Amino acid sequence: MILINCPYCGERDQSEFSNGGEAHVARPENSENLNDKDWGQYVFYRDNPKGIFYERWVHSHGCRKWFNAVRNTSTDEILAIYKLNENPPSKESFINTLKTPSGEPKVGSGNFTVKK
Amino acid sequence: MWKSPEPKKTYDVIIVGGGGHGLGTAYYLAKEHGIKNIAVIEKGWIGSGNTGRNTTIIRSNYLWNESAFLYDHSVKLWENLSQELNYNMMFSQRGVMNLAHNEHDIKEMKRRISANRLNGLDTQWLETRDIKRLVPIMNTDNLRYPVLGAAFQRRGGVARHDAIAWGFAMRADEMGVDIIQNCEVHSIKTKNGKVEGVKTSKGLIKAKKVAVVASGHTSVLAKTAGVRLPLQSRPLQALVSEPIKPVINTVVMSNAVHAYVSQSDKGELVIGAGTDGYNSFTQRGGYDVIEETVRAIVELYPIFGKMKMLRQWGGIVDICPDASPIISKCEVKGLYFNCGWGTGGFKATPGSANVFAHTVANDEPHKINAAFNLERFSDGRLIDEHGAAAVAH
């Protein structure tokens, strides 16, 4: 179970929240000119990184407000939480301190077998 | 069993991922398409990923024609697989039951049963009294979501998860396939829109064709070749109880209350939960998901109330927007993907491997998997199986 620090209510169990998937996906401005492929990219394709992931959460069983988080999907460690009107922290600020599940040299598609 | 060779410099086909689907692809490539210079590259040991983390349920009662043909192709292969591989799959056609808990469930299931029967599948409707006769320990009326009926596929059942990986591995090995374990593929190397090989923890291995069957990690690998896939990776959990006397001789699933259960030959209850509600690669998952599942199990089967659970684990499943898999070529020549099986790939193992081998060998899909292409996410021909898949795929 992850603890999530809601920017409005404080730290709560993850089960109080719902995940909204990748953050900062902008609806294309020129939708009338988009071809099917580009429209499909907007509708169906989302980033799915192992490592740093910018995502949305909503405090469904609390204040019901949306906010953003940066989470390391290989350990579920939450690296940052920021409100919708705040700028996302840069990826570089986490990249050197990122933990891996079993101490592998880097987060990739790695698992324990590549541990040196 | 199988050799553990050092990788050669170059192969005709490299298969990334030594689970059932990957090993099966190697087997069918060697057996049916005459390609012998194949390597299966696995980062752990074979069958250590989702092949060893599922609840081994096999069925084919999917709504749409494309899915019914694909999954029933697999069930038909399962029915003869012990003989074909000369290895006991412990395939037990004990039936799979999907419970209906409300009026909508009943209507949806009866529609699915009708669709199944038009496609020649053996799905039937059970009234509550029939369910009681088959599973006497089930509490059907004294609970929050009463059991009002069920869809039942008698040809469905369970099999031994390790056996399919080991069976395919042994027979593929005999035909000259190199099974390379403890070797992790870091990236896929491409040049001018064509695949060149894979970079691994044992160095660069070249190949004319690369077939990726890496379940939850497929999109991570695809990205190294510049391919974007419509997948999201989430933990799917399961748990196993202490062994008890035989009490349940079929598989019972319920999408509405998020729980499914069967009893293994050792007597353990094998219980499946739903996916966690967020992307993750942790292979653990959250306890709140287990709590919800166990709550439903105890309400449906009050006699399990004091039972102890032995093990709990999670596997990382790759979920597609339409809950159907992708078995397809892509824009990089010589690169193939078999992914997006989400929460229900085990049942499809032999069928998926069989049609994927055809796709890789001929650079064209088999007619059974032609609809499971990547183009459907731009032309809109989705195969929406959320109803058949939902929680318990």
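Chain B and chain A bury about 2700 Å² between them, with 51% of that on carbon and sulfur atoms. Keep in mind that this is a predicted model.

**Interface**
- On the contact count, 33 residues of chain B meet 31 residues of chain A.
- R228(B), Y278(B) and F281(B) are the chain B residues that lose the most area to chain A, and together they make up 26% of what that side buries.
- R228(B) also pairs up with D47(A) in a salt bridge, where the closest N and O atoms sit 3.0 Å apart.
- The salt bridge count between the two chains is one, while twelve residue pairs are in polar contact, both partners at pLDDT 80 or more.
- On the chain B side, two or more residues each come from β9 (185–191), α6 (218–224), β12 (232–241), α7 (287–300) and α9 (376–379).
- α6(B) gives the most to that side, with three residues.

**Nonpolar cores**
- The largest nonpolar core has 49 residues, and I15(B), I38(B) and W78(B) touch the most other members.
- Elements of chain B giving two or more residues to this core include β1 (10–16), α1 (20–32) and α2 (65–85).
- Apart from it lies another core, of 32 residues, among them Y45(A), A39(B), V210(B) and V227(B).
- Beyond its neighbours within four places in sequence, W78(B) has contacts including I58(B), F91(B), I164(B) and P350(B).

**Confidence in chain A**
- Chain A has a mean pLDDT of 88, and 86% of its residues reach 70 or more.
- Residues 112–116 of chain A stay under 50, and the model has 13 contacts for them beyond four places in sequence.

Definitions and conventions:
Residues numbered from 1 in each chain as written. Chains lettered and ligands numbered in written order. Predicted model: local features only at pLDDT ≥ 70, side-chain atom pairs only at ≥ 80, totals over all residues. Heavy atoms only, no water. pLDDT = per-residue confidence, 0-100. Contact = heavy atoms within 4.5 Å. Core = buried A, V, L, I, M, F, W, Y, C linked by side-chain atoms within 4.5 Å. Buried < 20%, exposed > 50% of the residue type's maximum accessible area, 1.4 Å probe, protein only. Helix = DSSP H or I, 4+ residues; strand = E, 2+ residues; numbered from the N terminus. Buried area = accessible area lost by both parts, 1.4 Å probe. Salt bridge = Lys/Arg side-chain N within 4 Å of Asp/Glu carboxyl O. Polar contact = N/O pair within 3.5 Å; in protein donor to acceptor, adjacent residues only side chain to side chain.
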